[in-house]
Amino acid sequence: MRITSIKLLSPSSSLRLINRTNQFRAAPRLWARNYFAMVSIEGDGAVKPAQAAPAVTTSNDLVPGAKRQYTGNAHNKKPFKKQRRKDKKPAEGSHDEVLMADIIELEEKLAAQKLADEDATAAALPEQGSEIEVDVMELSSTGEGLALQRGSHQIYVVPFSIPGDTVKIKVYRHNEHHSVGDFISVIKPSPLRDDSRIQCKYFGVCSGCQFQMLDYAEQLRRKRDIVVKAYRNFSQLAPELVPEILDTIGSPLEYGYRTKLTPHFDGPPGAQRRGPKVTHPEMPPFGFTPKATRKVLDIEDCPIATDAVRKGLVAERARLAVEYGTYSKGATILLRESTKRVPNGATGEDARTETEGGIIPPIVVEADTFTDYKTCITDNNATSTEYIDDFVFTNPAGSFFQNNNSILPPFTEYIREHILPPASPTAKPIRNLIDAYSGSGLFTITQASLFPGGSIGIDIAEKSIDYARKNAALNGLSDGSSNDGKPICKFIAADAPALFKSVSQYDPDETVVVLDPPRKGCDHSFLTQLLKFAPRRIVYVSCNVHTQARDVGVLVRGQVPGGAKKQPPPVDAFDAILTPAETDQKPVRYDIESIRGFDFFPQTGHVEGVAILSRIDV
Ligand SMILES: C[S@@+](CC[C@H](N)C(=O)[O-])C[C@H]1O[C@@H](n2cnc3c(N)ncnc32)[C@H](O)[C@@H]1O
C-alpha cells in the first residue's frame with residue numbers, strides 16, 4: 001500500500017513517515033513518495049495510517065475511492081494505470097528529482113484547496129496524443145510550467161509556458177505522479193508573457209531556452225524563487241537556519257553571451273556499428289536536440305551565443321554542406337570563442353591579428369586601451385583565450401570554462417568582496433585559499449592577491465591543471481618555487497578528496513575553501529574531510545543549486561549522512577544535534593551567511609548559486 005495524501009489531524013500533529021520494517025523515523029517529503037507509507041501522529045503520539053484524502057490523488061490505483069478511470073480509445077482498452085510509466089528513483093539533483101519536488105509541492109497546495117473543489121478528481125485522464133487546454137499554475141525549478149486541466153487535479157508538465165497562461169498541449173505521456181504534454185500554442189496569454197520579446201525563431205521547439213517571453217527582471221525573480229525552493233526542498237534544514245535568499249544578480253548581456261556551443265548531427269540513416277560503411281545521402285540536420293523528440297533540430301542561428309560563435313555556426317554549417325558525405329557517424333562540433341587582445345598602438349606581431357581567423361574575419365571590439373579580436377575555435381585541443389577584467393585565462397578549447405564571459409567580472413568581484421570574513425579583533429587573519437574543483441584556476445587566480453599565505457587549486461582534469469599553472473604565470477603569480485614576492489598559486493591534478501593530504505601546513509583558522517563542483521555536487525568522502533579540516537570560511541559556488549543546497553545542509557548540520565554507508569540524512573538541525581558525530585573530533589558546524597543566485601544563463605531556467613558559510617566557533 002502506498003498512500004500519497006497527507007492529512008493533519010490536529011494543529012499539534014506532526015507528520016512522520018514509517019518504513020516497511022515499521023521503523024519509525026522522520027524523513028523528507030521526497031522519501032515519502034518513493035519509499036514510505038505515510039502516517040500521521042495524533043497529539044497523543046499514536047501512529048495511525050493517514051486518512052487518504054480523495055482529492056490528493058497522483059495515482060488512482062493507490063487511493064481508495066479515487067474515481068479516475070482510463071476512458072481509452074477503440075484500439076486500447078487497457079486500464080489506464082498500465083499505461084502509466086512507473087517513476088524510477090531519480091538521481092540526486094537531477095532534472096527529474098527537482099521536478100518531482102515541485103510537483104509534490106503543488107499537489108500539497110491543491111490538497112489544501114480541495115474542500116473548495118470537491119469534484120476535481122473525478123475527471124478522466126485524456127488519452128495519449130489528444131489535444132487539451134490546460135491552465136498553468138506554477139513555474140517549476142526546471143523552467144517548465146505546471147498546469148491543470150479544468151476539473152482535474154492531474155498535473156501536466158508543459159515546456160515553454162508560464163503561470164497565468166492557458167495553453168493547448170498534446171498529451172504525450174502519463175507518469176505515475178504527473179503527465180507530460182507537448183506545448184502547441186497559447187490560447188490565453190499570461191500577463192507576464194510578451195511574445196514580442198522572443199528573439200529566436202526556434203523558441204518553443206529547441207530545448208535550450210525557456211524564458212524568452214519573460215521580461216528580464218521577471219526572469220531574475222523566478223531564478224531567486226528557484227534558489228528559495230532548492231533550499232526548502234533539498235537542504236533538509238529548518239527554515240530558521242536558512243537566511244533570506246538575496247536577489248539574483250543579472251548578466252550584463254541578456255543575449256549574445258554564450259561563448260561555447262556544441263551543435264551535433266546524427267549518423268547516417270541505416271548505419272550500423274559492424275555493418276558496411278554508409279554515409280549521409282544529403283546534409284543531415286545540424287543543431288540541437290529539441291524538447292519533444294530525440295531527432296536533431298536543424299539550427300541556423302542561436303541568438304544567445306556571442307557574435308563570434310554565431311559566425312562559427314554559419315561557417316561550420318557551410319563546411320558540413322560540402323563535407324557531409326565523408327561522415328559515416330554522427331558528430332558533435334565544438335564552437336568556442338577565443339579572444340586576442342591587442343594593446344592600442346601595438347606594432348609588429350601583436351598587430352597582425354586582423355588577418356587571423358582565416359576566411360572568417362574576427363569580431364572586433366574596441367576599448368580605450370586595447371582592441372579585442374574574437375574568433376571561433378572548432379578544434380577541441382586548440383587553446384582558447386579569454387579575459388576577465390585584466391586577468392587572462394587560457395584553456396584547452398574543449399575543456400570546462402564558464403560560458404558567459406560578460407558576467408565574470410562582476411561575479412569574481414562579488415567573490416572578492418565576500419571571500420574574507422568580517423574583520424575581528426580576536427580571530428586570526430585569513431592567509432590561505434583552497435580552491436577545490438579549480439578547473440584552470442578561475443578563483444585561485446582572481447582571488448590570489450587576498451591570500452598572503454598562498455593559494456592552492458585542485459582539479460581532476462590534468463589538462464585543466466596544466467593550463468591553471470600556465471594561467472598563474474600569465475597573470476604574474478608565483479608557483480612557490482622561487483621567493484620572488486609574488487602571490488603564490490599551486491595546483492594539484494587529483495580527485496578532490498586527495499586535497500586534504502596536501503594542506504596540512506594550512507591552519508584551518510586562517511583558511512578559506514572555495515568549492516565549485518560539477519552538477520552532482522560533492523561526494524561524501526570530500527564533505528567528511530572538509531568537515532574534519534574545518535576551514536574558517538567556505539564559499540560554495542554551483543551551477544546546480546539543488547545539490548548545493550543538499551551539501552550546504554550537510555555542512556550546517558556538521559554531519560555527512562551515513563558515512564561510508566549511505567543512509568537518509570536527518571530532517572532538521574535538531575535531529576543532527578541529537579545524533580552523535582561519527583568522528584572523535586569536536587563536531588564542526590557552519591552558519592549560512594548569505595545565499596544568492598547569479599544569472600549565468602539568461603533566457604534559460606538555470607541559475608548559478610553562491611553560498612557563503614562561516615564556521616560556528618563554540
Ligand atoms: C563547474 S567546474 C568549475 C571549474 C572552475 N572552478 C571554473 O569556474 O572554471 C567543475 C570542475 O570540477 C572538476 N572535477 C569534477 N570531478 C572532480 C573530482 N572528483 N575531483 C576534482 N575535480 C573534479 C572538473 O574537471 C571541472 O573543472
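Which strand pairs with strand E25 (residues 537-542) in the antiparallel sense over six bridges? The partner is strand E27 (residues 608-615), as Figure 1 shows.

This is a predicted model, in which local features need pLDDT of at least 70 and side-chain atom pairs count only at pLDDT 80 or more, whereas totals for chains, interfaces and linings use all residues. Residues are numbered from 1 along each chain as its sequence is written.

**Figure 1. An open sheet of eight strands.** The strand order is E10-E26-E27-E25-E24-E21-E22-E23, with mixed pairing; two strands pair if DSSP finds at least two bridges between them. Strands (E, at least two residues) and helices (H or I, at least four residues) are DSSP runs, numbered from the N terminus. Strand E10 (246-249) and strand E23 (489-493) stand at the edges with a single partner strand each, so one side of each is left without a neighbour in the sheet. From one strand to the next, the twist averages 20°; axes are lines fitted to C-alpha atoms, for helices over the stretch in contact, and angles run from 0 to 180 degrees between N-to-C directions. Within the pairing of E25 with E27, Val541 has Val610 in E27 as its bridge partner.

**Figure 2. A closed barrel of five strands.** The barrel runs E5-E6-E7-E9-E8, with mixed pairing, and its twist averages 50° from one strand to the next. Strand E5 (residues 131-139) and strand E6 (residues 145-148) run antiparallel and are joined by four bridges. Leu146 in E6 is the bridge partner of Glu138. Helix H3 (residues 95-113) lies across E5, E6 and strand E7 (155-158), and runs at about 140° to E7.

**Figure 3. The shell around the ligand.** The ligand is surrounded by 19 residues, of which the closest are Tyr437, Gly439, Ile460, Ala496 and Asp516; a residue is near a molecule or strand if its C-beta atom, placed from the backbone, lies within 6 Å of it. Helix H7 (442-447) and strand E22 (454-459) are the elements that give two or more residues to this shell. By type, the shell residues divide into 12 nonpolar, four polar and three charged; Ala, Val, Leu, Ile, Met, Phe, Trp, Tyr, Cys and Pro count as nonpolar, Asp, Glu, Lys and Arg as charged, and the others, Gly among them, as polar. Domain 1 (260-403) and domain 2 (406-615) each supply at least three residues to the shell.

**Figure 4. The contact between domain 1 and domain 2.** The domain bounds come from an automatic or database domain assignment. The C-alpha centres of domain 1 and domain 2 lie 32 Å apart. In this view, 13 residues of domain 1 are in contact with 18 residues of domain 2, where contact requires C-beta atoms, placed from the backbone, within 7 Å. Strand E20 (residues 391-396) contributes six residues, the largest share of the side of domain 1 that touches domain 2. That side divides into eight nonpolar, four polar and one charged residue.

**Figure 5. Confidence along the protein.** The average pLDDT, which is the predictor's confidence in each residue from 0 to 100, is 82 for the protein, and 78% of the residues score at least 70. Over residues 1-82 pLDDT stays under 50, and the model has 137 contacts beyond four places in sequence for them. Where pLDDT is low, the predicted coordinates should not be read in detail. The model scores ipTM 0.99 and pTM 0.83.

How values were computed:
Two residues are in contact if their C-beta atoms, placed from the backbone, lie within 7 Å.
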